[in-house]
Amino acid sequence: LLERIDPDEVGGRPTIYRTTGRMNGDHPWTGIGPGMFEWRFPSYRPPDLVQKRFVHVHNDYLEIAVEWGVPLAVLFWLFVAWRCFAAGRVYLRTRSPWCGTVALASATGIFSILVHSLVDFNLHIPSNLMVFALLLALAGWVTAADDRSRLEEGG
C-alpha cells in the first residue's frame with residue numbers, strides 16, 4: 001500500500017519516518033533533546049526533501065522517541081496504555097453509572113488521540129495536549145474512585 005502512495009501526496013511522511021528512524025538509531029538512549037527535531041532534522045534530511053521544512057515528524061510516537069530517547073518514550077507510552085486500560089476495566093466492571101460514563105469517555109478519548117497520533121503531532125498542539133492530560137487525569141481519578149468504592153463494599 002505504501003508503495004502505491006506518492007510520498008509527495010502525503011507530505012513526504014514515509015521519507016520523514018525513515019529519516020527519523022535513522023536519527024533515533026544515532027541517539028537511542030538519550031534522544032536529541034525535547035523540541036529539537038526541527039533543528040536537528042536538516043542534517044539528516046534526504047535530498048528529495050530539501051525544498052521542505054519540517055518542524056514535526058507527524059507521528060507522536062516517533063517524535064517522542066527521537067526527542068526523549070527510547071527508554072523514556074516506552075515508559076511514557078506504557079503509562080498512557082495503563083491509564084487507558086484501567087479506565088476500560090472500570091467501565092466493564094463498575095456498577096456506578098457515573099463512574100462508568102467517565103471511564104468510557106476517558107478511555108475512548110485517550111484511544112482516539114493515540115490513533116490520531118500515528119499520523120499527526122497531536123501532543124505538540126497545546127490544546128490537544130491539555131485535553132489529553134485531562135483525560136489521563138480523569139482515567140486515574142475514576143480508577144481510584146472505583147477502587148475506593150470496591151473497598152467500602154467489601155469492608
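Which residues in helix 4 meet which residues in helix 5? I took this as my opening entry, working on a predicted model in which local features need pLDDT of at least 70, side-chain atom pairs count only at pLDDT 80 or more, and totals for chains, interfaces and linings use all residues. Residues are numbered from 1 along each chain as its sequence is written, and side-chain values use heavy atoms, with hydrogens and water left out.

**Entry 1. Helix 4 and helix 5**

I listed the contacts, defined as heavy atoms within 4.5 Å. On the helix 4 side I found W77, V80, C84, A87, G88, V90 and Y91. These meet C99, G100, A103, L104, S106, A107, I110, F111 and L114 in helix 5. I sorted the residues of this contact into 13 nonpolar, 3 polar and no charged. For that sorting, Ala, Val, Leu, Ile, Met, Phe, Trp, Tyr, Cys and Pro count as nonpolar, Asp, Glu, Lys and Arg as charged, and the others, Gly among them, as polar. The two helices pack at an angle of about 145 degrees, and their axes are 8 Å apart. Axes here are lines fitted to C-alpha atoms, for helices over the stretch in contact, and angles run from 0 to 180 degrees between N-to-C directions. I noted the crossing of helix 4 and helix 5 as left-handed, a term used if the near helix is turned anticlockwise from the far one by less than a right angle.

**Entry 2. The chain as a whole**

I counted 6 helices and 0 strands; helices (H or I, at least four residues) and strands (E, at least two) are DSSP runs, numbered from the N terminus. The order from the N terminus is therefore α-α-α-α-α-α. Of the 155 residues, 39% count as buried, that is, under 20% relative accessible area with a 1.4 Å probe, protein chains only. I recorded an accessible surface of about 9,400 Å² for the chain, 67% of it belonging to carbon and sulfur atoms. Among contacts with a separation of 6 or more, 66% come from residues 24 or more positions apart.

**Entry 3. Helix 4 and helix 6**

I then looked up helix 4 (residues 70–93) against helix 6 (residues 126–154): the angle is about 50 degrees and the axes are 9 Å apart. Helix 4 is therefore oblique to helix 6, since angles under 35 degrees count as roughly parallel, over 145 as roughly antiparallel, 65 to 115 as roughly perpendicular and the rest as oblique. This crossing is left-handed. Residues of helix 4 in the contact include F76, F79 and R83, and those of helix 6 include D146, D147 and R150. The contact divides into 10 nonpolar, 2 polar and 6 charged residues.

**Entry 4. I110**

I110 is found in helix 5 and counts as buried because its relative accessibility is 0%. Beyond its neighbours within four places in sequence, I found I110 in contact with V80, C84, F132, L135, L136 and A139. I110 and A139 are 29 residues apart in sequence, with their C-alpha atoms 9.0 Å apart in space.

H58 is found in the loop between helix 2 (37–40) and helix 3 (60–68). I noted its positive phi of about 70 degrees, although H58 is not a glycine. Most residues other than glycine have a negative phi. H58 counts as buried at 18% relative accessibility. D120 lies in the loop between helix 5 (97–116) and helix 6 and counts as buried at 19%. Not counting residues up to four places away in sequence, D120 touches H58, N59 and D60.

Methods
Buried means under 20% relative accessible area, exposed over 50%, partly exposed in between (1.4 Å probe, protein chains only). Accessible areas come from the Shrake-Rupley method with a 1.4 Å probe; for residues, only the protein chains shown count as cover.
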